Amino acid sequence: MARLERAGFRLRTLDGMPSFFVVEDGPYPLSLTLEHWAGLFYVQQASTGLAAPALGARPGERVLDLCSSPGGKLTHLAELMGDSGSLVACDVDEKRIRGLLGNVYRLCVPNVLVVAGDGRAFPEGALFDRVLVDAPCSGEGTIRRRSGDAQDHSKKFRASVAHTQRALLEKAIRLTRPGGTLLYVTCTFAPEENEAVVSAVLERLPVEIEPLDLAVPHARGLTSFEGAVYHPSMVGAARIYPHHLDSGGLFMAKLRRLEGDAPVVGRDAGWSPMSRAFPDDGRTEDEADRLVSDAVATVLSRHGIAPETFEGYDWTVRADTLWLHSRGEWPLPAWEPGRWRAISVGLRAIELDTSGRPRATNDLLRFASAAVRSAVVDVTEERLLRLLSGEAEPVDEATPYGPTALRLDGEVVGRGACKVAGLFSEVPKSRAVDLTRALTRSENV
Ligand SMILES: C[S@@+](CC[C@H](N)C(=O)[O-])C[C@H]1O[C@@H](n2cnc3c(N)ncnc32)[C@H](O)[C@@H]1O
């Protein structure tokens, strides 16, 4: 953050919100900084930043984010979990999941398993310590971002969205272990999408409200509105209105799952270490084990990376990709096949080229930046810009042919390739465009 302040950004901290900064002023959009490109932070509204701490996720826990794209709260949860434990991200919208993956990879988050599917049909068979339901909603709280234009949702839309919200919350309760916690969040003020949804589950399911104790200005949840009466414990929910934090609106209710009727499965049932071969990969564990050992040894030796760099992590292979993820337990084998698809776990770290030769990905080289000792070329901003535009750059004769890390000001920014014709960039196109924007501080690239 000191670097941003030196660049002219004015940042302020918020009481009770560690690692959260409010940007008061800046010379250009934060999204055009090199630090943003490198994944050192995520830009979101101040009110949104309250959700992950309110859920209270801790290192080593098993956490589910049922409606996770594009990943603001998810990446915040990962940070609070110290990139450890198991964080499962679900979303129904494939296009939004692409944005989510972009953020997970940009921030190099190693403890996230991304699942595409309808949260209402999320597979059961393993229980989580904490579940976040950041539900789809009518979005009244985002009115400022829409220059004051309220979205005119029909009664029918509100009724159907409330139905979905309730089904998502009910599913989340079934997926939480007794004693575990849930956070229901929307960015709307409509009581029928907030207090009404939570009251309905309080009446029927084994949960109770855990009153939220926020360090920032907020209003309590409603117990009645326009003739409708809600559960008395809804006062323990929180409403953030735009004036509270000079930000967007937010509703949050925290619930504790009670023992109720006997849990469907035991606390640890369904959780097991990730296999070497991803469940749909087709290789045997032995084949996958051999491939992983050879590929990892080749990449580490090429870039002079000490094996200890990846202590606490595991490798899993799927088709021509090796993933690097936090060591821990994951629920994949326990989930019945259904209308869901596991997309990624941790980082895409090593890829096999068309000849089967392993190469470190751009993300792995950034992730292991400080440990990269060989097959690395230091570049200036000018040189990097030329490489990103597709030009070849001369390299000295000592640089070995093949994959090469590109390093700017001591930080690896991606992969290049050293060939007879010179050095080339292998930073993927969309990342190269964003990096060019960050280096030139201009959207017009
Ligand atoms: C408010 S947004 C989530 C924002 C996200 N949690 C964040 O912090 O970046 C709601 C998300 O719910 C997803 N969604 C809508 N219906 C869903 C369903 N039935 N199951 C899972 N996700 C759903 C939408 O695609 C959308 O990405």
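Start with the contacts: of those between residues at least 6 apart in sequence, 71% join residues at least 24 apart. Here two residues are in contact if their C-beta atoms, placed from the backbone, lie within 7 Å. Before you click on, note that this is a predicted model, in which local features need pLDDT of at least 70, side-chain atom pairs count only at pLDDT 80 or more, and totals for chains, interfaces and linings use all residues. Residues are numbered from 1 along each chain as its sequence is written.

**Whole protein.** Select everything. The C-alpha trace spans about 80 × 55 × 35 Å along its principal axes. For 445 residues, a compact globule would have a radius of gyration near 22 Å, and the 23 Å of this protein agrees with that. (The radius is taken over C-alpha atoms, and the globule rule is 2.2 Å times the number of residues to the power 0.38.) Switch to cartoon and you have twelve helices and 24 strands; helices (H or I, at least four residues) and strands (E, at least two) are DSSP runs, numbered from the N terminus.

**Domains.** Next, colour 44–257 as domain 1, 272–365 as domain 2 and 375–445 as domain 3, bounds that come from an automatic or database domain assignment. The centres of domain 1 and domain 3, over C-alpha atoms, are 40 Å apart.

**The ligand.** Now show the 19 residues around the ligand; Cys67, Gly72, Asp93, Gly119 and Asp134 come nearest. A residue counts as near if its C-beta atom, placed from the backbone, lies within 6 Å. Helix H4 (72–80) and strand E4 (86–91) each supply at least two residues of this shell.

**Helix H6.** Select 155–174. These 20 residues reach 29 Å from first C-alpha to last, close to the 28 Å expected at 1.5 Å a residue, taken as 1.5 Å times one less than the number of residues. Which residues of H6 are buried? They are Val161, Ala162, Gln165, Leu168, Leu169, Lys171, Ala172 and Ile173. Buried means 20 or more other C-beta atoms within 10 Å of a residue's own, exposed 12 or fewer, and partly exposed in between, with C-beta atoms placed from the backbone. The buried residues pack against strands E6, E7, E8 and E13 and helix H7.

**Last stop, Ser369.** Look in the loop between helix H10 (362–367) and strand E21 (376–378). Ser369 is partly exposed, because 17 other C-beta atoms lie within 10 Å. Leaving aside neighbours within four places in sequence, Ser369 touches Glu411 and Val412 by the contact rule.
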